[in-house]
Amino acid sequence: MKKITTTLLFLTIGNAVYLAQVGINTDNPQTTFHIDGAKDNPSTGAPIAAQQANDIAITSAGNVGIGTTVPSTKLDIVSSTAGALKIADGTQGDGKILVSDANGVATWQNSSPAVIINSSTGGAISIAGTLTYLGAAATVTIPGYYLISPKLITDYAPANCSAFIAYNLSTNSTTLQNAAFPLQEAHFASTLGTNNFIYSTNVAYLTAATYYMLVRYGASSPCTSHISRNTASQNSFTLTLLK
């Protein structure tokens, strides 16, 4: 009987140790290990957010919470003020960003400069009712979403003859291929007088390739001539990578 009682006692103590939660500055720990920094948590029930703000908790899953007793990730920081995380390892500096290597080790690094690509300058080329390459091209080496900013002025005759003018970017200078705008090229209303122009910005996803700007105007236009200009400010485009 004595042996049975002793065994039951050890089993009871072992079970109590197994289920125990450790609290520092609190008799009401909320998880496996719980520190109440300001000793302001209630004796029963869960602390409110303001009371958790000075707490540190470790769950049975190994999640660590700072400012929260219910961390949902391996490190969960909750703070009502900016600058909750500080890593000063000698690589820190103003304007730097935290960058991971292939193994997940992070260091502070300078942010990369903006990627801006200016195209070549197009020439004085006759525009038709079908997409025509005007000579402006640019090579993309980093795939991504780009701001596409065309700069184009065309001269037509006779006056007021023009219909709409439209453009697209293609990886082929003669046919539409890997178009920046696959459903429909970007259209712009015609202007009165003797010239059309495109000065705008559109967004499109571009792969790594050389892109050519193709332009057309409304096929029903009665213009007898429609010629592009040949300066960088009047026949080119700029690509800006969005980050």
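Q: In this predicted model, what makes cysteine 223 count as buried?
A: Cysteine 223 has a relative accessibility of 12%, and because buried means under 20% relative accessible area, cysteine 223 counts as buried.

Q: Why is cysteine 161 called buried?
A: The relative accessible area of cysteine 161 is 7%, which is set against the limit of under 20%, and therefore cysteine 161 is buried.

Q: How do you know that a disulfide joins cysteine 161 to cysteine 223?
A: The S to S distance between cysteine 161 and cysteine 223 is 1.9 Å, and since a disulfide requires cysteine sulfur atoms within 2.5 Å, the pair meets the criterion for a disulfide. The structure holds one disulfide, and this link is right-handed, with 100° about the S-S bond.

Q: What parts does the pair of cysteine 161 and cysteine 223 tie together?
A: Cysteine 161 lies in the loop between strand S10 (144–157) and strand S11 (165–170), whereas cysteine 223 lies in the loop between strand S15 (209–217) and strand S16 (225–228), so the parts tied together are 62 residues apart in sequence.

Q: What makes strand S6 and strand S7 a pair?
A: Strand S6 (residues 96–100) and strand S7 (residues 106–110) share five bridges in the antiparallel sense, and because at least two bridges are needed, they count as paired. Leucine 98 stands opposite tryptophan 108 in S7, and the two strands form a hairpin with five residues between them, where glycine 104 in the turn has a positive phi of about 90°.

Terms used: Residues are numbered from 1 along each chain as its sequence is written. This is a predicted model: local features need pLDDT of at least 70, side-chain atom pairs count only at pLDDT 80 or more; totals for chains, interfaces and linings use all residues. Side-chain values use heavy atoms; hydrogens and water are left out. Helices (H or I, at least four residues) and strands (E, at least two) are DSSP runs, numbered from the N terminus. Buried means under 20% relative accessible area, exposed over 50%, partly exposed in between (1.4 Å probe, protein chains only).
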